Amino acid sequence: MFDFWYGTTDLAIYGFLIRAAIVYIYVFILIKVLGQRSMTTMNPIDFLFGVVIGDVVGEPLADGEAPMAGPLSAAAFIGGVHLFLSYIALKLPRFRRVIEDEPIILIEQGKILTDELKKAKVTVESLLMDLRLNSSINLTEIDYAVLEANGQISVIKKSRYDTVTKNDMGQSATNKGYPTVLIQDGRYIHGNISKVATIEWVNAQIKQNGYEDVKDVFLMTMDGTGQMYFSGKGKN
């Protein structure tokens, strides 16, 4: 009855399915407990944790004879170690420098630091690509470029090349706020609609924007100023 937990030489397919569900839920809970970070903000200790956990909990999914208790216990222990190291890194700056990479300045006051490029193992082509992704095509406009701990390059332009804002011109500007999704893939998002409008009002906006029905709308959003965005399905 509990072959899926203890393991057996001829574990049935349903046993592997149960194991997969257990591992998925277990890892999901483990990540929630430890705290989540996006893939772009992973530091070396996060990457190491992910690799080790994947290897440990993956064994019972590949080997029907392997019991579940051992790998799950090992995963919990590794999670505890990871949580402890993360806590120590928050409290001790010196220890944080050991497990997290320090930002590296690649361009300083408009000058490319070739030694730092070699240290970071960043080629000129890669640097130029990242600058283009930051809308910094003209190198003469760049004051600083920094390779951050997550592997991305941030760019600080020279002050005279900063974009002029309404605040710089002495004009007031209304905060747009966060766009609220009202319709997604042809379906009302009732929880969001109830906060800003009614279904009747949304339907009226659908008609005014040239759509016959909510099913014709792929995405509808509205920001804090009332500005709406529509995207229809197919060729609409």
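**A first look around**

Author: Happy to! Buried residues make up 26% of the 236 residues in the protein. Keep in mind that this is a predicted model.

Reader: Good to know. What is the mean pLDDT of the protein?

Author: The mean is 82, and 86% of the residues reach 70 or more.

Reader: And where is confidence lowest, and where is it highest?

Author: Helix H5, residues 93–99, has the lowest confidence, with a mean of 70. The highest is in helix H9, residues 199–208, at 94.

Reader: How many helices and strands are there?

Author: The protein has nine helices and eight strands.

Reader: Let's do sheets. What's the strand order in the open sheet of four strands?

Author: The order is S6-S5-S7-S8, and the pairing is antiparallel. At the edges sit strand S6 (187–188) and strand S8 (228–232), each of which pairs on one side only.

Reader: What about S5 and S7, how many bridges do they pair over?

Author: Four bridges, with strand S5 covering residues 180–184 and strand S7 covering residues 217–222. As one example, isoleucine 183 has methionine 220 in S7 as its bridge partner.

Reader: Which strands of the sheet does H9 touch?

Author: H9 packs on the sheet and touches S5, S6, S7 and S8. The direction of H9 makes about 115° with that of S7.

Reader: Nice. Changing topic: how many salt bridges does the structure hold?

Author: Two. In one of them, the side chains of lysine 157 and glutamate 141 meet at 3.7 Å, N to O.

Reader: Which parts does that pair tie together?

Author: Lysine 157 is in strand S4 (residues 153–157), while glutamate 141 is in the loop between helix H7 (124–133) and strand S3 (142–147), so the pair links parts that are 16 residues apart in sequence. Lysine 157 itself is partly exposed, with a relative accessible area of 26%.

Reader: Which residue forms a salt bridge with aspartate 185?

Author: That's arginine 187, and the closest N and O atoms are 3.8 Å apart. Aspartate 185 is partly exposed at 36% relative accessibility, whereas arginine 187 is exposed, with a relative accessible area of 56%.

Reader: Why do such side chains pair up at all?

Author: Side chains of opposite charge can pair when their charged atoms come close.

Reader: Okay, helices now. How many residues does H4 have, and what does it reach from its first C-alpha to its last?

Author: Helix H4 (residues 69–91) has 23 residues and reaches 33 Å, close to the 33 Å expected at 1.5 Å a residue.

Reader: Which residues in H4 are buried?

Author: Pro71, Leu72, Ala75, Gly79, His82, Ser86, Ile88 and Ala89 are buried in that helix.

Reader: Back to strands: what does S1 pair with?

Author: Strand S1 (residues 104–108) is joined to S3 by four bridges, running antiparallel. S1 is also joined to strand S2 (residues 111–112), by two bridges and again antiparallel.

Reader: Which bridge partners does isoleucine 107 have?

Author: In S3 the partner of isoleucine 107 is alanine 145, and in S2 the partner is isoleucine 112.

Reader: And in the hairpin of S1 and S2, which residue takes a positive phi?

Author: Glutamine 109 does, with a phi near 50°; the hairpin has two residues between the strands.

Reader: Last one! Of the contacts with a separation of 6 or more, what share comes from residues 24 or more positions apart?

Author: Those residues account for 48% of such contacts in the protein.

Conventions:
Residues numbered from 1 in each chain as written. Predicted model: local features only at pLDDT ≥ 70, side-chain atom pairs only at ≥ 80, totals over all residues. Heavy atoms only, no water. pLDDT = per-residue confidence, 0-100. Pairing = 2+ DSSP bridges. Contact = heavy atoms within 4.5 Å. Axes fitted to C-alpha atoms, helices over the stretch in contact; angles between N-to-C directions. Salt bridge = Lys/Arg side-chain N within 4 Å of Asp/Glu carboxyl O. Buried < 20%, exposed > 50% of the residue type's maximum accessible area, 1.4 Å probe, protein only. Expected span 1.5 Å × (residues − 1).
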